[in-house]
Structures are given as C-alpha cells and as structure tokens.
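Look at the model first, then read on.

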Amino acid sequence: MIRVVYRVNVQPEHVSAFVEGWKEMTEAIRSSRPGALGSVLLGDPSDPSVYLAMATWQSLEHFEAHQKLESAQPEASAKMNAVSTWAETKVYDVIEDLSV
C-alpha cells in the first residue's frame, strides 16, 4: 500500500471551489480506478492557504497505471486547477497503519 501526498496552495477566497472539485475528483477516481482507496484532505491551521491531499492506493503499480490515463473527472480537475497551485507530489510506502 502507498500514500500519495499532494501539497497544494489555495487562496482563502477559493477554498470552497477547491474542496468541491477535490470531492468530485476523489469520488470519480475511487469509483473508476482499480486500486484507488480514497483520499483525505488536510488544511494547515497555521497557514490557511496550504492543503495536503493524501490519497491511498493498493500499490505503486495501481497509481502509475492511473497516471497514464486521462482525468477521471475533467470538470473537477479544471475546477481545482483554476483556483490552486500544485506545489509538490510525493509517494510514500505505508509501513504501518494504525488508523481506524
């Protein structure tokens, strides 16, 4: 299992549009892409313009296959990209997961 962490900058006046797009995109990916297990969106309490989206995938191979495909939800992707700057993407192996 892996986690893909995206660091995103969103201006405060555009947060609701970004969150709406993120929800639509996450639901589309989870329902249509093999190995996609969902995502969580985190906000930085000390900097309201910084967000982390953390997606869970069954394997690196599933994630890489997903990346080769067209957007699962082009409208949601456009909505997010119009109001945000994607700063960084990193892939991490899950060593242990004790979350509920």
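Which residues of α3 are buried? They are Ala76, Ser77, Met80 and Val83. Buried means under 20% relative accessible area, exposed over 50%, partly exposed in between (1.4 Å probe, protein chains only). Seen down the axis of α3, these buried residues fall within an arc of 150°, so they line one face of the helix. The arc is taken from the directions from the helix axis to the C-beta atoms. Glu75 and Ala82 are exposed on the face turned away from the buried side.

This is a predicted model: local features need pLDDT of at least 70, side-chain atom pairs count only at pLDDT 80 or more, and totals for chains, interfaces and linings use all residues. Residues are numbered from 1 along each chain as its sequence is written, and side-chain values use heavy atoms, without hydrogens and water.

The cover over the buried residues of α3 includes β1 (2-10), α1 and β4 (84-93). Helices (H or I, at least four residues) and strands (E, at least two) are DSSP runs, numbered from the N terminus.

α1 and α3 pack at an angle of about 150°, with their axes 8 Å apart. Axes are lines fitted to C-alpha atoms, for helices over the stretch in contact, and angles run from 0 to 180 degrees between N-to-C directions. The two are therefore roughly antiparallel (over 145 degrees).

The table lists the residues that meet; contact means heavy atoms within 4.5 Å.

| Helix | Residues in the contact |
|---|---|
| α1 (residues 15-32) | Ala17, Phe18, Glu20, Gly21, Trp22, Glu24, Met25 |
| α3 (residues 74-83) | Ala76, Ser77, Lys79, Met80, Val83 |

Terms used
Parallel < 35°, antiparallel > 145°, perpendicular 65-115°, else oblique.
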